[in-house]
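Reader: I would like to go through this model with you, beginning with the overall fold and moving on to details. Could you walk me through it?

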Amino acid sequence: MSRVVRIYLDYNATSPPFADVVATVARVLAEDFGNASSVHAFGQRAKAVVDDARQEVAALIDADAGEVVFTAGGTEADNLALRGAAEAVEPLGRRHVITTAIEHEAVLNTLKSVARRGWTVTTLPVDESGVVTPDALRAALTPETSLVSVMHANNEVGTIQPIAELAAIAREHGAIFHTDAVQSAGKIPVSARRLGVDLLAISGHKFGGPKGIGALWVRRGVRLAQAMTGGKQERNRRAGTENVPAIAGLGVAARLSREKLAANSSGFAELRDRLERGILEGVPGSSVNGDPARRVPNTTNISFDGVEAESLLIALDLEGVAVSTGSACSSGSLEPSHVLRAMGLPHGRTRNSLRFSLGAGTTPAEIDFVVEALPGLVTKLRRLTRAAAAVR
Ligand code: PLP
């Protein structure tokens with residue numbers, strides 16, 4: 001970390017916490033250390049912190065505080081939603097779940113585990129811009145379908161799904177609808193109520209909160225088995241002593257993100273578009289992946305013909321610029337992105353695409369630096385690739 005220039009364009013992997021979040025976590029850790037389940041004053045003080053944060057999280061997603069369950073992050077929220085719903089509805093005998101090919105591993109791998117319990121999993125395709133069509137969902141529904149899980153915004157390309165439409169179809173069919181809103185909450189307005197879903201997962205570290213804390217919104221009346229067994233915390237939904245400092249930090253991040261949502265959304269979009277324009281104009285053989293209109297404002301995913309994405313990622317890192325080849329979990333694995341593959345991109349393009357994701361700290365000067373640096377780096381890498389091919 002010796003360089004002066006350090007430009008962080010990987011907010012979809014994680015975001016730097018707001019200064020207020022850091023201060024709140026430290027203060028609550030030191031001062032409000034009571035167990036939120038204790039009857040005495042120390043416990044009640046901690047409980048008040050948790051209650052306040054619950055209100056803030058509920059406000060971020062336009063929900064009732066009583067419907068918010070704190071979890072240890074987005075992965076756990078997805079697990080609680082899918083395992084909890086599957087176990088709760090199993091006695092009815094309808095063991096068919098529908099999801100999409102572009103979900104995060106937190107959903108895809110959890111459903112593999114649900115499949116091992118005797119469930120059938122149908123994975124919906126997406127179109128070339130990464131969108132699931134309502135017709136695809138309608139066609140996949142069977143009398144056995146009791147659960148549907150479709151993400152709100154995709155982490156790699158940013159595409160936003162028509163969740164309200166999809167959830168209405170599931171509801172008509174009597175199926176529970178879960179949405180992973182980890183990449184949309186804090187970036188675009190998210191209303192659990194207006195989306196018409198039953199379960200909605202969010203994660204603190206994606207919008208300026210601490211890592212390892214998130215929430216699952218559970219519509220009142222939705223039956224859910226406990227994914228974590230133990231005490232009666234979180235109204236019996238999620239056992240374990242509450243992580244009060246992280247919950248407090250999540251609450252602050254939710255409030256700040258809600259307050260700044262409108263300004264941030266247009267600010268992110270302006271900078272993202274400036275980056276995109278600059279790259280498309282400056283680098284021949286570059287193209288944008290995903291839906292140009294229906295996507296979160298902070299994300300762009302760009303292919304660079306004839307360049308291995310990992311090499312360009314490293315070259316950018318050496319220039320002080322942090323980007324990603326896709327989801328954090330799969331980067332470094334050199335596996336082509338399952339999202340780009342599902343979108344039907346040619347094999348080469350699934351391996352030469354970078355994700356740039358912006359956030360509250362991104363400045364125009366940083367964007368201009370990247371736009372200036374990229375053409376030279378791409379030309380150099382293409383030359384090296386050609387030279388390597390020639391000696392093979
Ligand atoms: N869902 C999506 C769409 C994500 O992008 C991520 C993180 O990358 C997760 C779930 C997992 O969230 P967490 O890191 O809080 O476990």
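This is a predicted model: local features need pLDDT of at least 70, side-chain atom pairs count only at pLDDT 80 or more; totals for chains, interfaces and linings use all residues.

Reader: How many helices and strands does the chain have?

Author: The chain has 12 helices and 12 strands. These are DSSP runs numbered from the N terminus, helices being H or I with at least four residues and strands E with at least two.

Reader: What share of the residues is buried?

Author: Of the 392 residues, 58% count as buried. Buried means under 20% relative accessible area, exposed over 50%, and partly exposed in between (1.4 Å probe, protein chains only).

Reader: What about contacts between residues 24 or more positions apart?

Author: Such pairs account for 74% of the contacts in the chain with a separation of 6 or more. A contact means heavy atoms within 4.5 Å.

Reader: Turning to helices, where does α12 have its kink?

Author: The kink, of about 30°, lies at Leu374, shortly before the proline Pro375. The bend at a residue is the angle between axes fitted to the seven residues ending there and the seven starting there. Helix α12 covers residues 364–391, and its 28 residues reach 41 Å from first C-alpha to last, close to the 40 Å expected at 1.5 Å a residue. That expected span is 1.5 Å times one less than the number of residues.

Reader: What does α12 pack against?

Author: Its buried residues pack against β1 (7–8), α8 (244–282), β10 (299–304), α9 (309–318), β11 (321–322) and β12 (353–357). Among those buried residues are Glu366, Val370, Leu374, Leu377 and Arg382.

Reader: Why is α3 described as largely enclosed?

Author: In α3, 13 of the 16 residues are buried, so the helix is largely enclosed by the rest of the structure. Helix α3 runs over residues 74–89 and reaches 22 Å, close to the 22 Å expected.

Reader: Now the charges. How many salt bridges are there?

Author: The count comes to 21 salt bridges. A salt bridge is a side-chain nitrogen of Lys or Arg within 4 Å of a carboxyl oxygen of Asp or Glu.

Reader: Which residue does Glu56 pair with?

Author: Glu56 meets Arg258 in a salt bridge at 3.1 Å, N to O. Glu56 lies in helix α2 (residues 41–60) and Arg258 in helix α8, so the pair ties together parts that are 202 residues apart in sequence.

Reader: And Glu67, buried or exposed?

Author: Glu67 is buried, with a relative accessible area of 6%. Its salt bridge partner is Arg220, with the closest N and O atoms 3.8 Å apart. Arg220 counts as exposed at 55% relative accessibility.

Reader: Which residues are linked in a network of salt bridges?

Author: The network links Asp64, Glu67, Arg193 and Arg220.

How values were computed. Residues are numbered from 1 along each chain as its sequence is written. Side-chain values use heavy atoms; hydrogens and water are left out.
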